[in-house]
Amino acid sequence: MKIGCIQLNIGLGTVEANFAHAETKIRETAKLGAEIIVLPEMWNTGYALEQLSALADAEGERTKAFLQGLAKELHVHIVGGSVATKKGNQFYNTMYTVTNEGELAGEYSKAHLFRLMDEHLYLEAGDAMNRFAFGDIEAAGVICYDIRFPEWLRAHALAGAKVLFVPAQWPTPRIDHWKTLLQARAIENQCFVIAVNRIADKEEEFNGQSMIIQPWGEVLWIGAKDEEVAVIDVDFSVVDEIRERIPVYDDRRPNLYSGLLNQ
Ligand SMILES: NC(=O)CCC(=O)C(=O)O
């Protein structure tokens, strides 16, 4: 399966330019043969949180139509990163995934809000999981800071996900955390992790280094520190083989610790 990762350069609050740029890059990635395309976090607005009432996508309608139209036309599955949305009177950081037939496969609002970037002051947290499938590929999606919560990713793996998609806006000063956490989540859940970070000219420092990690922890690809489109071939069938080799899921002792986590 060919995975197209787009390390998008996102403008702060420039919604029209961001949509136009995303479209150009999605078309370019599809032309390179990608079968699944992945975008970064909050690509419509960047972290223009103070301007959400003017900029957020009402009920995600524009984003859904945009992604569904391109997915169908280009016959490519899209993990639509995430966008700032307004649902009812509240704002969210929402991921939409669509199949290559243009069907909405998943909708998820970030469950863990990142205080260091003021998300808790402007956004509401989502409270539902994000499991979906692209054909026979069982997948899940979480957003950026969510990767610091291993229980949350484990819950998605226990629900059947074999590939975890992680759109992000992860700043450069903590890029070592990013790399280590992603690798750990892949190894402990025996899943593929496909994580796409953004690029920025202004704002905080964001310099990509997106990653595709296979379930044994091997890094199959790491993105450049600049805007980049990459298409990487992955073989999802190794998940089952690795889960048989070290049967972590059979050896779990949930009775021992699930109560302890519930506090
Ligand atoms: N956008 C985010 O959730 C950033 C998370 C982050 O930087 C972290 O260190 O965690």
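1. Basis of the note. The structure is a predicted model, in which local features need pLDDT of at least 70 and side-chain atom pairs count only at pLDDT 80 or more, while totals for chains, interfaces and linings use all residues. Residues are numbered from 1 along each chain as its sequence is written.

2. Overall form. The chain contains nine helices and 14 strands (DSSP runs numbered from the N terminus, helices being H or I of at least four residues and strands E of at least two). Its C-alpha atoms fill a box of roughly 50 × 45 × 35 Å along the principal axes.

3. Of the 263 residues, 47% count as buried (20 or more other C-beta atoms within 10 Å of a residue's own; exposed means 12 or fewer, partly exposed lies in between, and C-beta atoms are placed from the backbone). Among contacts with a separation of 6 or more, 67% join residues 24 or more positions apart (a contact requires C-beta atoms, placed from the backbone, within 7 Å).

4. Strand β1. The opening question is answered here: β1 and β14 pair in the antiparallel sense over six bridges (strands pair if DSSP finds at least two bridges between them). Ile 6 has Val 229 as its bridge partner in β14. With strand β2 (residues 36–38), β1 pairs in the parallel sense over three bridges, and Ile 3 stands opposite Ile 36. Strand β1 (residues 2–7) is mostly covered, as five of its six residues are buried.

5. The six-stranded sheet. An open sheet of mixed pairing runs in the order β8-β9-β10-β11-β12-β13. Strands β8 (131–134) and β13 (219–222) stand at the edges with a single partner strand each, so one side of each has no neighbour in the sheet. The twist averages 20° from one strand to the next (axes are lines fitted to C-alpha atoms, and angles run from 0 to 180 degrees between N-to-C directions). Within this order, β10 (residues 163–167) and β11 (residues 192–196) pair in the parallel sense over five bridges, and Pro 167 has Val 196 as its bridge partner.

6. The residues around the ligand include Glu 41, Phe 114, Cys 144, Trp 170 and His 177 (C-beta atom, placed from the backbone, within 6 Å of the molecule). The shell divides into six nonpolar, two polar and three charged residues (Ala, Val, Leu, Ile, Met, Phe, Trp, Tyr, Cys and Pro count as nonpolar, Asp, Glu, Lys and Arg as charged, and the others, Gly among them, as polar).

7. Positive phi values. Cys 144, one of the residues around the ligand, has a positive phi of about 40° although it is not a glycine. Cys 144 lies in the loop between β9 (137–141) and α5 (150–158) and is buried, with 25 C-beta neighbours inside 10 Å. Asp 118 has a phi near 65° and lies in the loop between β7 (104–109) and α4 (119–122). Asp 118 is partly exposed, with 13 other C-beta atoms within 10 Å.

Key. Two residues are in contact if their C-beta atoms, placed from the backbone, lie within 7 Å.
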